[in-house]
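Reader: Hi, could you walk me through this fold? I have the sequence and the model up on my screen.

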Amino acid sequence: MADLRDLRFVPLSAASWPLLEDLFGPERGADSGCWCMWWRVSRSRFNAMGKDARKAALHSLADSAQPLGILAIHDDQAVGWCAVAPRTAYPVLMRSRVAAPLPDQPPETCWFISCLYVRVGFRRHGLTAHLIKAAVDHAIASGASCVEACPNEAATSSSEGFVGTPATFAKLGFAEIARRSPTRPMMRWTQSGRDRQGHQ
């Protein structure tokens, strides 16, 4: 297993797009060909697009310099991905029964971690926690007032676990702020949580 202390993190952009493409697999597109578009377009549009159109849509967003997420790089290869952006970037998420925003934070400055993906061979070694920490750092540096997530404590596969687990988020200073589903708590990171948990 590679030494995770050698990781560096870069935001997804036009320049780093080839790294994400290699990580997801040019034809596979991560899990089930989603190309991380699940929360960005309506369900009907997502299903109608197909893998190629989803890939093209995310590539176009990367070219536009919108905040999309963070790549973990090891030896010039992307080994992990964390999608993090303002809540307003996720129209489906804004209407979600489980993950819709609370009224106490403006969605323009409240960022959301919507997806985590780790390369085979790097899984189950703690890379997810490194990705979440880097995503929080990136969001706060970009002006976020807080960072939220809705992890799954009952995940049994990568297709269910793409949102991470509550235990991992809690160790990084996220606190549960709502629970609209028995297995999907909404969790939030704030500066006070960082101080309380010793986020480093």
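Author: Happy to. Let's begin with a helix: the buried residues of α1 pack against α2 (43–63), β2 (69–74), β3 (77–86) and β4 (110–118). Contact here means heavy atoms within 4.5 Å, and buried means under 20% relative accessible area with a 1.4 Å probe, protein chains only. Helices (H or I, at least four residues) and strands (E, at least two) are DSSP runs, numbered from the N terminus.

Reader: Before we go on, what should I know about the model and the numbering?

Author: This is a predicted model, where local features need pLDDT of at least 70, side-chain atom pairs count only at pLDDT 80 or more, and totals for chains, interfaces and linings use all residues. Residues are numbered from 1 along each chain as its sequence is written, and side-chain values use heavy atoms, with hydrogens and water left out.

Reader: Thanks! Which residues in α1 are buried?

Author: In α1 (residues 17–24), they are W17, L20, L23 and F24. Seen down the axis of α1, they fall within an arc of 125 degrees, so they line one face of the helix. The arc is that of the directions from the helix axis to the C-beta atoms.

Reader: And what does F24 touch?

Author: Leaving out residues up to four places away in sequence, F24 touches G29, A30, W35, C36, W81 and Y117.

Reader: Switching to the sheet, what is the strand order?

Author: Seven strands make an open sheet, ordered β1-β2-β3-β4-β5-β7-β6, with mixed pairing. The edge strands, β1 (8–11) and β6 (175–179), each pair on one side only. Two strands pair if DSSP finds at least two bridges between them.

Reader: How do β5 and β7 pair?

Author: β5 (residues 146–149) and β7 (residues 185–189) are antiparallel, over three bridges. V147 stands opposite W189 in β7.

Reader: Last one: which residues of α4 are buried?

Author: L127, L131, I132, A134, A135, V136 and A139 are. Just after α4, G143 takes a positive phi of about 105 degrees.

Key
Buried means under 20% relative accessible area, exposed over 50%, partly exposed in between (1.4 Å probe, protein chains only).
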